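Hi everyone, thanks for coming. I'd like to walk you through a structure that may be new to you, so let's bring it up on the screen.

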Protein chains: 2
Amino acid sequence: MNSDLILLGHGSGGRLSHQLLDELIIPTLSGTAPAARNDAALLEPVAGRLAYTTDSFVVDPVFFPGGTIGSLAVHGTVNDLAMMGARPLWLSVGLILEEGFSRNDLQLILTDMRQAAEAAGVRIVTGDTKVVPRGKADRIFITTSGIGVIEHELAIHGANARVGDAIIINGTIGDHGIAVMAGREGIKAGTGIRSDSAALNGLVAAIVAEAGDSLHVLRDPTRGGVATTIKEIAGQSAVSITLVEEALPVNPAVRGVCSLLGLDPLFVANEGKLLAFVAADAAERVLTCIRQHHLGVQAAIIGHVCEGDAGRVRMETSVGGLRAVEMLAGEQLPRIC
Amino acid sequence: MNSDLILLGHGSGGRLSHQLLDELIIPTLSGTAPAARNDAALLEPVAGRLAYTTDSFVVDPVFFPGGTIGSLAVHGTVNDLAMMGARPLWLSVGLILEEGFSRNDLQLILTDMRQAAEAAGVRIVTGDTKVVPRGKADRIFITTSGIGVIEHELAIHGANARVGDAIIINGTIGDHGIAVMAGREGIKAGTGIRSDSAALNGLVAAIVAEAGDSLHVLRDPTRGGVATTIKEIAGQSAVSITLVEEALPVNPAVRGVCSLLGLDPLFVANEGKLLAFVAADAAERVLTCIRQHHLGVQAAIIGHVCEGDAGRVRMETSVGGLRAVEMLAGEQLPRIC
């Protein structure tokens, strides 16, 4: 019996489960010794409306340039809360482990989770671990849920885009998807491309403070990329949107890998990017505010909400044409998050 | 392309994902057409402390006598909240699907989830769906998290067992574990055994109302069974506990299968049972109250907290001896929840 491996008994709820929790999972996630263990965590009272979200993470590989499945699981859930304009407070963690998974890798992933949570100012307060037999899962799946508090009265949601709004992105597109795929396939051309995975709650707080009620929509273009997210918002808000191809920030290395593989970066996943829909008269100062944040140095206005058919999205191409933008139709990069 | 199967593209975040969400997942889980979709759900304000928990479910088979992975995922999380004395309010659902999983089975499972949620009085308010390639997961894994409100000032937790407390269980032990295993292995002797999976929040509300501050600990003996849970509480509360073998309610069919397979029902999982530690002078009336509830007809006092070594658990056997009870050491029944 190799003590470096996860065993079925670690998911039994019995003695081995307790050992794994006490020796590895709880101290690594919390940074402290296990405290009283109960069926649920008690949360301190907060003033304000609460936002609540969940995401499952199945990324392959679990270690990729710029992150791990652990930090990704924290960032993804923190960002979903931030996109409601909420301040993320608490996370839960559900681990599904494959029998034979490395305890050492588990420790690295959980350490990465804790560091990501600390950096984002959120606390992991409750969790659960299951183990399935070899071949019944792929190493590790993580499901995080999160609770945040909304401390303002703004209406920030996908049905709130208005004609005239400028659409701002905080940097380059496609980095996460291409970094993960390059990591998985060992693509040499992908060397140097890193995931943009990051917690956006600090940046959102700065945007909310600067924009106030000029801020109409926030959304993170993850699976399906910028194109799918923009199309979603155009539908929810029943507006027409025009994107400007030349304005889209793309890392040249990402553009290179995309050309090589016939991918469009507009459909590739991001994990540290947001789209902010901002009233035209506030757009320049919000852009300046975003550029002053370390996660927004390459921010740009990439399009506008305009008159026209509800749900329509078009791209002004570099050669002056207009082409229709649709949602990602199938699956171009499975298990990207 | 068989339209009855889940495809990788259903996890892409693109058009297929939206179709699956709009046509199947959201209407089935919510019972209504999809409403505005945002990154997180907004929760109504509530008065009281909040409890927060999560659990992942990997049970095999996903349909078993007395339930499905869907109702189990609702009951498990509802019960974890109820064991804090909280009133469960909201659930999140993270689905991990294997490519090729049957859409029809998914619909049956989600319907079972919704019915379980409605019966328990909780709302499923947010969710996420991922799809992994064939062979990278086993059909379906579900991670639920839940939030509840604590509307009393009682201290109900695992460190609160006191010398003299009576330990009450609301019915027979081992039904869930044996039902799942019989379902999985096709054991004929298991015919007629059904999982006890049930939401315990209604029963807990009745117990809290009857017992008041005579109620010291509540816990549901799931993975690891009654033995492991009692051992946990003895450790957390630094008390000694004596169980009475003859007092343990066991369904004769469960006892039969356990004898056949060399299992001890004391270590087999339950999903609709709770252990209530109650001050001696309130024990009889709390027992009566539990027996009046449809989930407590076979309730019994199965042991007491006594003077002695902290963390020690012993069983008074039918022949009058005392034997030590330890936690489940390894894994006797993998993937029971």
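Let me start with a question: which residue in β1(B) is the bridge partner of Ala51(A)? It is Leu42(B). Before going on, a word on the model: it is predicted, so local features need pLDDT of at least 70 and side-chain atom pairs count only at pLDDT 80 or more, while totals for chains, interfaces and linings use all residues. Residues are numbered from 1 along each chain as its sequence is written, chains are lettered from A and ligands numbered from 1 in the order in which they are written, and side-chain values use heavy atoms, with hydrogens and water left out.

Strands here are DSSP runs of E with at least two residues, helices are runs of H or I with at least four, and both are numbered from the N terminus. Two strands pair if DSSP finds at least two bridges between them. As a reminder, strands of a sheet pair through backbone hydrogen bonds, either parallel or antiparallel.

Now, what is the strand order of the open sheet that holds β1(B)? The order is β6(A)-β5(A)-β7(A)-β2(A)-β1(B), 5 strands with mixed pairing. From one strand to the next, the twist averages 20°; axes are lines fitted to C-alpha atoms, for helices over the stretch in contact, and angles run from 0 to 180 degrees between N-to-C directions.

Within chain A, β2(A) also runs antiparallel to β7 (residues 140-150), joined by 9 bridges, and there Leu50(A) has Val149(A) as its bridge partner. Helix α2 of chain A (residues 69-82) lies across β2, β5 (87-98) and β7, at about 150° to β2(A).

Let's turn to the interface as a whole. Chain A and chain B each put 74 residues into the contact, where contact means heavy atoms within 4.5 Å. The buried area is about 5900 Å², with carbon and sulfur atoms giving 58%; that is the accessible area (1.4 Å probe) that two parts lose on being put together, summed over both. On the chain B side, Asp39(B), Tyr52(B) and Arg223(B) lose the most area to chain A, together 15% of what that side buries.

Arg223(B) also forms a salt bridge with Asp128(A), the closest N and O atoms being 2.9 Å apart. The rule, a side-chain nitrogen of Lys or Arg within 4 Å of a carboxyl oxygen of Asp or Glu, finds 4 salt bridges across this interface.

Chain B has an open sheet too, with 7 strands in the order β9-β11-β8-β12-β10-β13-β14 and mixed pairing. Inside chain B, β10 (residues 240-244) and β12 (residues 300-306) pair in the antiparallel sense over 4 bridges, with Thr242(B) opposite His304(B).

Finally, some backbone details. A cis peptide bond joins Asp60(A) to Pro61(A), omega near 5°, and Pro61(A) sits in the loop between β2 and β3 (63-64) of chain A. Chain B has a cis bond between Asp60(B) and Pro61(B), with omega about 5°. And Arg139(A), in the loop between β6 and β7 of chain A, has a positive phi of about 65° although it is not a glycine.
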